[in-house]
Every structure is written in structure tokens, then in C-alpha cells.
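This report describes how two protein chains meet. The sequence and structure come before the account.

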2 protein chains.
Amino acid sequence: MAAPVKKTVELFYDVVSPYSWIAFEVLTRYQNKWNIDLKLKPFFLGGIMQGSGNKPPAMVPNKGAYMLHDIERLKQYYNVPMNQPSDFAEVAFKKGSINAQRFLTAVSMSNPDMVEPVTRELWMRVWNKDEDIYLPESFIQAGVKAGLSMENAKAAVAKIKDSEVKDKVKERTQEALDKGAFGSPIIIAHVDGKEHLIFGSDRFPILAMILGEKWEGPLVEFSKCKL
Amino acid sequence: MAAPVKKTVELFYDVVSPYSWIAFEVLTRYQNKWNIDLKLKPFFLGGIMQGSGNKPPAMVPNKGAYMLHDIERLKQYYNVPMNQPSDFAEVAFKKGSINAQRFLTAVSMSNPDMVEPVTRELWMRVWNKDEDIYLPESFIQAGVKAGLSMENAKAAVAKIKDSEVKDKVKERTQEALDKGAFGSPIIIAHVDGKEHLIFGSDRFPILAMILGEKWEGPLVEFSKCKL
């Protein structure tokens, strides 16, 4: 009997988003448990917000305050070591994540197998250790720490300004917008020729239902992060 | 050995909100499974949105479109028979839910044990059968169907304009705002003298973690609704 065909699950994400980190960790834990082919697709959340007309949640004060508590609790539940950056407005709005997302896209083009560990290193920098994810040397450090050679890390950083990479990020962001995105993460499950879009990191049991798989909770035993 | 003291869980909700219906059904299913004292607290979502500066999600077109799919899937998963009203803008913004919430509040003052079934009937009207929840006769029908005597149903409807009832809804809405609400539902778990606020119907495993209880999924076998 032939092995059943793997169902494709795409994860569109931006490392500025802590809820995206949860989805990233949960889906990478489940990629060997469920019969899925997980495609990691870095996109640009700023472009999603602008294109969809959505506003950052923390613009509503009660929502911003809530998110701090929410993230603390999700951190425990999912074993994803999120710590609020000391100046999130600077990270998210002044510097922004476009460089980081272009760097990840360059890695996805040159070293596709390394996107997962390099992405995780960027999240560890910004959402765990309160470190920069804007400067070239930050990307080189993250890349090397994740297992890229120094040469490949430098080559990926050098491509941040290449139109090929810039266009790829734009195209992927537009693709997500066209499919209905209004934030990050966006999960798209492909089942029997149909696409099922899921927003956020709150619908894993629903994703399991769509895929015909079993949701077994956050699988902290497979965590590659430490709290 | 004395029975352990029940932990209080408050549910602030408005029947205009389908996500609140999910929280209502799930928590009423769990109220006999977990060691909790569930307090149903009808409030006014319009006042929460205005007071917190939040905007209805469907004002972002991609978000509005997403919610239709999301609700369809949650309906299956939670066995809560939600059907989109034919003219939700009229229900939510033109007529509004203030009458419904005042009616429920009047019931909570005169017949506290009946709040659960009467609330369910209002949700069945608006979010299942596309029926009115604005006119006095609608409340009388819902109340009687839920098990109130005709006399008590009429008495509760008569109190919709009483300042005692109006003030109670205002006070409860303000209470929720002061505690950090920016939408509906708001769940507040009281554990060891601390209050834990949860927004939405996506955090039941987190609620279980806070309460020291076990989340066992949507418990559709205890559903009082039919799909």
C-alpha cells in the first residue's frame, strides 16, 4: 500500500509577531506527527496590516495590556519562551521587520532546509533575549548560530537588498492578502484541492479537524526551545 | 474532609456575539465537571467597544470574511448551532442588543436560576433561527420557551426600562471595562484571591491551567443545543 499523500500546510509568518512564534513552534513539533508537508513562508506583517486596513492590536489600550498577560500564560502552556522586548514600538514600528523577513526569504532561496532553525534564532533574539533583528551583523550571528556557514550567512545578508528577494517578500505578502490575511500568522491547509485559511495560533484543534488528524495539545516534550 | 471550595468563574457576555455563545455553551457544559461556580453576567458589548476604543472586527473586510468561515468551523467543533443572521448589521448596529441585555439582567434579578436557559433561547433566536431580539414580544416568547412563567416573562420585559435594570447593565459593563475588557466574551477566573481575565472563546485550555482543572475538549455529549 502506498503511503498516503502528505497534505500541505503553509505557515505565513513574521518574526515580529509573538503569536506567530507559537504557531511556528507548534507546527514544527507536529510536522513529523501529522502527515503534513509544512511550508514555512516568511512574509511582511507591515504590508499585511496596510493592505488589509487592519490596525495593531495594542492601539486599543485594554487589548495591549491584555496581550502582556495572555503571552505570559501562552508561554507556559506552549513552552515557547516569549519575553516582551524592552521597546517593542521601536522593534515593530521604528526599525520594523522588513530586513528580517527579507533575510529569511534569502535563506529560503539559498538554503531552504535552514529556514526553520534560522527563523527560530531570530525569534530567540527578538522575543526571548531582547536583541536586535535589524542590523546585518545580527542576521549573520543568528544564521551562524542556527547552523549556516559564515559564508552562506553573509551571502544571505548581502541579498537583503536584491530585487529578487524584495520582490519575493512582496509577492508572498500579496499572496497572503489575496487569500484573506489580516494579520500574522496565517496558516493555509490544503486538503482535497481546497484551501482552508486559519488566522492566529488559537485554532490548532480546528486545523486538526480540517486535516483529519488528532490534536494532542502543545507537545512540549518536542520543544526545541527552553523556557 | 471538607469539599474543596468552588472557584468562581464569571462570564460577561452579550448575545449579539457568536464567540460569546461558544464560551457560554462550553462553560455551562463544564460547570458540573470542574469545581467552579459559574456566574453569568450579561453586559453590553456596545458600551465595551465604545469605552475601550475597540472597533467591530468586520470593519476590516478580510477579517469579516474570515469570521464567516471561522464560525462555520467552530460550529462543527463545539456543536453550537450558529447561523449567520441574514442582516447582522441591522441586528448588531441598527437595533442593537441593549434591550436583550437589559431583559437578561432583569431575569437575573428576578429569576437568577433562569438566566442560563433564557440566554440560550435568545442565542437560538438571533444566531440560529434569524429571529428578532429587539421587541418585547420576542423576549416574552424566549422567556416562556425557556421555562419562565408568562407572568414572570412579562414582568422581566416590563423592567427593561426601569432605572434599576438600566443601571445594573451600565455598572456591569463599566466593571468589565475597568477590569480590562475590549470585547465579548470576557471570562474572569478567581483563584486564590487573584483575578485572571481571559478574552474570547479560544483559551479554554489556559482557563483549565489557571483553575488547576483538565481541559477535555468541547464535551459535545453535554450539548444542550442541536446542530
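How much area do chain A and chain B bury between them? The two bury about 2,300 Å², 59% of it on carbon and sulfur atoms; buried area is the accessible area (1.4 Å probe) that two parts lose on being put together, summed over both. In chain A, A:Tyr66, A:Arg73 and A:Arg203 lose the most area to chain B, together 26% of what that side buries.

This is a predicted model: local features need pLDDT of at least 70, side-chain atom pairs count only at pLDDT 80 or more, and totals for chains, interfaces and linings use all residues. Residues are numbered from 1 along each chain as its sequence is written, chains are lettered from A in the order in which they are written, and side-chain values use heavy atoms, with hydrogens and water left out.

Contact (heavy atoms within 4.5 Å) links 28 residues of chain A with 28 residues of chain B.

The interface holds four salt bridges, each a side-chain nitrogen of Lys or Arg within 4 Å of a carboxyl oxygen of Asp or Glu. A:Arg203 forms a salt bridge with B:Asp202, with the closest N and O atoms 2.8 Å apart.
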